[in-house]
Amino acid sequence: MSIAVCRQCGEILRSKHVHDCVQCSCPNHSMLDGGSEYTRKGGVDLSLVQTCLSLSEAKRLSIGITSKLTAPITKGLNAPL
Ligand SMILES: [Zn+2]
């Protein structure tokens with residue numbers, strides 16, 4: 001299984017098998033694919049997709065990210081590209 005966390009929204013992505021492509025729901029569209037065979041990740045900003053070795057590491061990362069998101073994020077969404 002491949003595990004990654006979207007550093008923008010804190011969503012944990014888990015690809016359980018080769019053709020299990022998962023994507024988060026934030027504007028970065030972080031995605032993970034490949035299961036335990038290989039790891040393919042993608043997203044608007046690839047540096048926001050953090051791969052993890054374990055689910056506990058992913059959860060720790062996710063909690064750290066989501067706790068920072070208590071500030072309104074709508075401002076960020078309207079920022080110019
Ligand atoms: Zn996201």
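Two bridges join S3 to strand S4, residues 31-33, and the two run antiparallel. Strands here are DSSP E runs of at least two residues, helices are H or I runs of at least four, and both are numbered from the N terminus. Two strands pair if DSSP finds at least two bridges between them. Within this pair, glutamine 23 stands opposite methionine 31 in S4.

Some ground rules. This is a predicted model: local features need pLDDT of at least 70, side-chain atom pairs count only at pLDDT 80 or more, and totals for chains, interfaces and linings use all residues. Residues are numbered from 1 along each chain as its sequence is written.

Now the layout. The chain holds two helices and six strands. From the N terminus, the order is β-β-β-β-β-β-α-α.

Back to S3 and S4. They belong to an open sheet of three strands, ordered S3-S4-S5, with antiparallel pairing. Its edges are S3 (22-23) and S5 (40-42), each pairing on one side only.

Next, the other sheet. It is open and three-stranded, with the order S2-S1-S6 and antiparallel pairing. S2 (12-15) and S6 (49-52) are the edge strands; each pairs on one side only. On average, neighbouring strands are turned by 30° against each other, direction ignored. Axes are lines fitted to C-alpha atoms, for helices over the stretch in contact, and angles run from 0 to 180 degrees between N-to-C directions.

S1 covers residues 2-6 and pairs with S2 over four bridges, antiparallel. Isoleucine 3 has arginine 14 in S2 as its bridge partner.

What lies across S1, S2 and S6? Helix H1, residues 55-68, running at about 5° to S1. Look at alanine 58. Beyond its neighbours within four places in sequence, alanine 58 is in contact with Ile3, Val5, Ile12 and Cys52. Contact means C-beta atoms, placed from the backbone, within 7 Å.

Then the core. The largest nonpolar core has nine residues: Ile3, Ala4, Val5, Cys6, Leu13, Cys24, Leu32, Val49 and Ala58. S1 gives the most, four residues. Such a core is a set of buried Ala, Val, Leu, Ile, Met, Phe, Trp, Tyr and Cys residues joined through C-beta atoms within 7 Å. Buried means 20 or more other C-beta atoms within 10 Å of the residue's own, again placed from the backbone.

Finally, the whole chain. Of its 81 residues, 25% are buried. Among contacts with a separation of 6 or more, 36% are between residues 24 or more positions apart.

Note on methods: Two residues are in contact if their C-beta atoms, placed from the backbone, lie within 7 Å. A residue is buried if 20 or more other C-beta atoms lie within 10 Å of its own, exposed if 12 or fewer, and partly exposed in between; C-beta atoms are placed from the backbone.
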